[in-house]
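Notebook open, structure loaded. I'm jotting down what I look up as I go.

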Amino acid sequence: MSGFCVLGCGTMGKALLTGIFDSIKEQDQQVSKNVSVPDRFYACVKFAQEARDIEKLFGETVGISVTAEENVQKAKASDVLLLSCKPQGAEEVLSAPGMKEALKGKLILSILAGKTIDSLKTLLDDSTRIIRIMPNTASRIRESMSVLCPAPNATEADVEFAEWVFNGIGRTMKLPEKLIDAATAMCGSGPAFVATMIEAMTDGGVMMGIPFAQAQELAAQTMVGTGQMVLQGQHPAKIRNDVSTPAGCTISGLLALEDGKIRSTIARGIEQATKTASGLGK
Ligand SMILES: NC(=O)C1=CN([C@@H]2O[C@H](COP(=O)(O)OP(=O)(O)OC[C@H]3O[C@@H](n4cnc5c(N)ncnc54)[C@H](OP(=O)(O)O)[C@@H]3O)[C@@H](O)[C@H]2O)C=CC1
Ligand SMILES: O=C(O)[C@@H]1CCC=N1
């Protein structure tokens, strides 16, 4: 058995823990003999009130110790640590007196956007193994898209553990670190982009007389269904062509979207978010 510690339990830390606890509770995954399922959970925050709020969030059912200003103590008690403070906060967290020693021989799963393995290594002992991971907030409902980038010192067992954790809260994909900023834009930031598209479709529906709640449900389920068709192997272009009946309403709407440069605008948004991600934590 092992200890799992979230260093910086904010929006993403809480989303990840929620998904992980549900995943372990359902035990809906074949846990290989290499994976040591954590039996002790710790969440570290800065302030006592935050700790109390998180304890309330998870309630009594989950055995988690939530503490403020006890990062090093909880790191000592853990085998795997999820680093989920802001990128700019990495130095403060990892340079705390005693932290480097506490992390010796342990595995760090860093979800910090833009914080490279090389920059993390400058703050850690060589024996501390690193896997960069880019999940998203859909972890909360176990529908995350998480990109994994193991450092050269990560073992096969480390990668298997990380894949067990993140496959339990969605889908995973391994990519080289040079692509993680683009993955951050697509997957980490992606829910914000998709939510904006859902809002825009909802606005269209409301404008045409559908009440907001119904319009939002229509937009959200259409997004989910279309995404599922793509994940099941349908090319988006085929979906688009199949739906576009000649002289029908779809092609008229599509041309209005193209007039608004929807494709290049969305692609440019990914480009810009990638560029910003690459500068975070520097
Ligand atoms: N939000 C998202 O959807 C995603 C975020 N990420 C990455 O995840 C990380 C966290 O993002 P997010 O959850 O949104 O940010 P939050 O600010 O919500 O969470 C960061 C948490 O870390 C805490 N913290 C900061 N410094 C310390 C410290 N010294 N000791 C203990 N706790 C500390 C903060 O406490 P306090 O608030 O009191 O400062 C806060 O609770 C970032 O690196 C981000 O790049 C990755 C993918 C998606
Ligand atoms: O916006 C951010 O910087 C973080 C990383 C990806 C999603 N949120």
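Predicted model: local features only at pLDDT ≥ 70, side-chain atom pairs only at ≥ 80, totals over all residues.

**Entry 1: strand β1**

Which residue in β4 is the bridge partner of Val 6? I looked it up, and it is Leu 82.

I then checked how β1 pairs with its neighbours. Four bridges join β1 to β4, residues 80-83, and the two strands run parallel. On β2, residues 38-45, I found six bridges to β1, again with a parallel run. Phe 4 has Phe 41 as its bridge partner in β2.

Next I asked myself: is β1 enclosed or open? Six of the six residues of β1, residues 2-7, are buried, so the strand is largely enclosed by the rest of the structure. I also sorted the side chains by direction. Ser 2, Phe 4 and Val 6 point one way, while Gly 3, Cys 5 and Leu 7 point the other way, and all of them are buried.

**Entry 2: the sheet**

What is the strand order? I read it as β3-β2-β1-β4-β5-β6-β7-β8, an open sheet of eight strands with mixed pairing. The edge strands are β3 and β8 (170-174), each pairing on one side only. Ignoring direction, neighbouring strands of this sheet are turned by 20° against each other on average. Helix α8, residues 180-188, packs on the sheet and touches β6 (129-134) and β7 (144-150). I noted an angle of about 45° between the direction of α8 and that of β6.

**Entry 3: helix α1**

I moved on to α1, residues 11-26. Its 16 residues reach 23 Å from the first C-alpha to the last, close to the 22 Å expected at 1.5 Å a residue. I then listed its buried residues: Met 12, Gly 13, Ala 15, Leu 16, Leu 17, Gly 19, Ile 20, Phe 21, Ser 23 and Ile 24. What covers them? The cover includes β1, β2, α2 (48-58), β3 (64-68), β4 and α7 (156-167).

**Entry 4: α8 against α13**

I came back to α8 for its helix partner. With α13, residues 262-279, it packs at an angle of about 125°, and the axes are 8 Å apart. The two helices, α8 and α13, are therefore oblique to each other. I logged the crossing of α8 past α13 as right-handed.

Which residues meet there? From α8 I have Asp 181, Ala 182, Thr 184, Ala 185 and Met 186. From α13 I have Ile 270, Ala 273, Thr 274, Ala 277 and Ser 278.

I looked up Cys 85, and found it in the loop between β4 and α4 (90-94). Buried or exposed? Its relative accessible area is 18%, and the cut-off for buried is under 20%, so Cys 85 counts as buried. Leaving out residues up to four places away in sequence, Cys 85 touches Leu 7, Gly 8, Ala 90, Val 93 and Leu 112. I also took a C-alpha distance: Cys 85 and Met 12 are 73 residues apart along the chain and separated by 8.9 Å.

Ala 192 was next on my list, and it lies in helix α9, residues 190-207. Ala 192 is partly exposed, at 45% relative accessible area. Its C-alpha is separated by 29 Å from that of Val 80, 112 residues apart along the chain.

**Entry 5: positive phi**

Last, I checked backbone angles. Arg 142 has a positive phi of about 60° although it is not a glycine. I placed Arg 142 in the loop between β6 and β7, and it is buried, with a relative accessible area of 16%.

Ala 247 also went in the notebook, with a positive phi near 60° in a residue other than glycine. Ala 247 lies in the loop between α11 (236-243) and α12 (249-259). At 85% relative accessibility, Ala 247 counts as exposed.

Technical notes: Residues numbered from 1 in each chain as written. Chains lettered and ligands numbered in written order. Heavy atoms only, no water. Buried < 20%, exposed > 50% of the residue type's maximum accessible area, 1.4 Å probe, protein only. Pairing = 2+ DSSP bridges. Expected span 1.5 Å × (residues − 1). Contact = heavy atoms within 4.5 Å. Axes fitted to C-alpha atoms, helices over the stretch in contact; angles between N-to-C directions. Parallel < 35°, antiparallel > 145°, perpendicular 65-115°, else oblique. Left-handed = near helix turned anticlockwise from the far one by under 90°.
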